[in-house]
Amino acid sequence: MGFDILVNIMLLLTLSVVYATFPFKTYKKLFSHVILVGTVVGFIGIFVMLNPLVIQDGIFFDSRTILISVSAMVFGFFPALIGSCIMAIYRIVIGGSGTLTGVSTIVLALSVGSLWHRFRYKKMAGKQHHLGFEYYVVGLVTHIGMLLCLLLIPNEMQGMVFGAMALPILVYYPIGSYLLCLLLFSQTHRLAIINDLRRSERQFKTIFEQAPIGMSLTDLTTGKITNINQSYLDLLGLTSEEVVGRNWKEFTHPDDMALSATITEKMRLGETGPFNFDKRFIKSDGTVVWSNLSLCVFDPNDEDTLESLCMTLDISERKNEENKVLYASNHDQLTGLYNRTHFEERLRNFKSEDRLPLTVAFGDVNGLRIINEAFGREQGNLLLQEITSIIKERLGENTYASRVGGDEIALIFFSTPLSEAELIIQDIRSKVSEMMVMNSVRTSISFGLCEMTSASDDINEVIKLAEKDVGTRKLVESPHMRGRAVYAIINTLHEKNKREELHSRRVSTFCEALAKASGMSDWQISEMKLLGLMHDIGKIAISEAILNKDGKLTNEEWKEMKRHSEIGYRILSSVEDMTSLAVYVLAHHERLDGKGYPKGLMGDEIPLQAKIIAIADSFDAMTGQRTYRNGVLPLEAATEIKRCAGTQFDPALARIFVEKVLNLDWDSLA
């Protein structure tokens, strides 16, 4: 009996070997080998049945129930059914009084094993169970059923059979089922692990080779590239033969080599990562490509090899956009110099070591406001750009330049004493003074300088002294420039539009005459003469198409034309000696009834000088020749002035103008 049990155990082990040998390695592939598996199980069963424990002729016992139930648990219903049918046919062929019992035990084992497979296999097969107590329970249930099947044996033989087989069936058979389950399911888990590894290898290989991002493997010991995918090669513009076996140093930008070496050393010393950083590669054509690298230590299950896995993404476009944003945040868009934000940040992190002495220079463009008002902001911007170009041409590598205000430029000359900086500044001023805006206004720029000779000096104090110096110099230089600019502007207007020149000169004459007739002082008369000449200076900024239009102006054109008094005010108010004139120019289109522009002033709110200009300007406008109409006679114009006296014009000044300037009788006018 011991030999028979040993033989059955060997056969059970044989089944495990068969399972490991044949190609049904996964649960999904079992159905493609159903007949093969079932046939193998059936013939193993017959072999088991050839070595039974014989109780009596026709009644014998073997481990077929263990084989069938475990086969059904592992392989499922159909392979176990085929094996069961083979074993059942063989049992029927043998015959004897135990035939019905033998076939019944086959059906019972098939049923129990198949039900377990249906409801429990996937859950149990998915994880390792070290004890597998559930397997023993299934074996016990199966063989309790087998014990009950012994009731099908003829009554006279039941007592003897029960006495001989009850203990083996309830003890040895469940243990046999348990051991076989452990063997087969351990094999299942082992094969599952192998399949997972193979699948992981295939997935890694597929991902590595077909990934849209660059991937590479590098030997950390030698520093040589062992593998690289096509996306990485495309990024570098190289072939696999040109890369594999070489060192990354050969493709890395010199400025990024230290960073790469640091990361590599960390991985050599045991840090696994991941490490994420940006670096530059030099492509085969010599161009630079920015990349984002994610690195980690790759374990190839080879103790002699330590590799790094690198995933690389081309971020050149992103870097370009970042550089554009950074440039825009740090630079002045108009001049290309650093902006005030960068200047202040530079001062917060200022270090003067090894760069002393240094000189700070603050520059201020004279008359920029006048130029903007007179010729438009485009001309002012163009002037700033041209001045910046002159400055850049004369600055060396040791100079920092920033536009810190609308018309202010700050320069820091490192390792430059005050005497050398003054020579450079003088050259800049000389070149700027040769420039002309609209071939009429000569430009200039004032500079204030201060030298820093000791590291203990406060850079902010040095800058304050430079700003104070430029303020002092502008007191001398800027007024002269602005005064010249005003006269240049009025001359430019008159050169562009002769009709405006003649109009201004006639208005100047009428203003002078009305001022005399009104009993003003000599300096007031001179002021009124100048006012008449300057009253339309703001028209320099009005389009010539509007100034010279044949016909009536549209609403939009008229709105634009009315801006000239405000523009004239801003131009004249920038010159200290002409600030009083600016107020009169601003108000010369106001009316006593408050319907004038730009402020809608009324009565005594309007300055006397502005009232005089209004009468002189209106009279000349009525009598002057226009392309779209003929001028009226002085008498008609005088009549219109009388009619509008008290609403548009000051009545007293209107009467004086008619009687003493035009020499007409006020009362006789209609």
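User: What is Ser216 in contact with, leaving aside its neighbours within four places in sequence?
Analyst: In this predicted model, Ser216 is in contact with Phe208, Asn227, Ile228, Tyr232, Trp248, Ser308, Leu309 and Cys310, once neighbours within four places in sequence are left aside.

User: And where is Ser216 placed, and does it count as buried or exposed?
Analyst: Ser216 has its place in strand E3, which covers residues 214-219, and because its relative accessibility is 0%, Ser216 counts as buried.

User: Which parts does the pair of Trp116 and Tyr135 tie together?
Analyst: Trp116 lies in helix H5 (residues 99-125) and Tyr135 in helix H6 (residues 133-149), so the pair ties together parts that are 19 residues apart in sequence. Both Trp116 and Tyr135 are buried.

User: Switching topic, which residues touch the most other members in the largest nonpolar core?
Analyst: That core has 77 residues, and Leu411, Val486, Ile489, Ile571 and Phe657 touch the most other members. The helix that gives the most to this core is H23 (residues 608-623), with six residues.

User: What does Phe657 contact, apart from neighbours within four places in sequence?
Analyst: With those neighbours left aside, Phe657 is in contact with Phe510, Leu514, Ile615, Phe619, Ile641 and Leu662. There is also a second, separate core of 43 residues, which includes Ile66, Ala72, Trp116 and Met157.

User: OK, now the open sheet of four strands: what is its order?
Analyst: The order is E9-E10-E8-E13, and the pairing is antiparallel. Strands E9 (399-403) and E13 (445-452) stand at the edges with a single partner strand each, so one side of each is left without a neighbour in the sheet. On average, and with direction ignored, neighbouring strands of this sheet are turned by 15° against each other.

User: How many bridges join E8 to E10, and which helices lie across these strands?
Analyst: Strand E8 (residues 358-365) and strand E10 (residues 408-413) are joined by six bridges, with Val360 standing opposite Ile412 in E10. Helix H12 (residues 340-348) lies across E8, E9 and E10, running at about 135° to E9, while helix H15 (residues 418-433) lies across E8, E10 and E13, at about 170° to E13.

Note on methods
Residues are numbered from 1 along each chain as its sequence is written. This is a predicted model: local features need pLDDT of at least 70, side-chain atom pairs count only at pLDDT 80 or more; totals for chains, interfaces and linings use all residues. Side-chain values use heavy atoms; hydrogens and water are left out. A nonpolar core is a set of buried Ala, Val, Leu, Ile, Met, Phe, Trp, Tyr and Cys residues joined through side-chain atoms within 4.5 Å. Buried means under 20% relative accessible area, exposed over 50%, partly exposed in between (1.4 Å probe, protein chains only). Helices (H or I, at least four residues) and strands (E, at least two) are DSSP runs, numbered from the N terminus. Contact means heavy atoms within 4.5 Å. Two strands pair if DSSP finds at least two bridges between them. Axes are lines fitted to C-alpha atoms, for helices over the stretch in contact, and angles run from 0 to 180 degrees between N-to-C directions.
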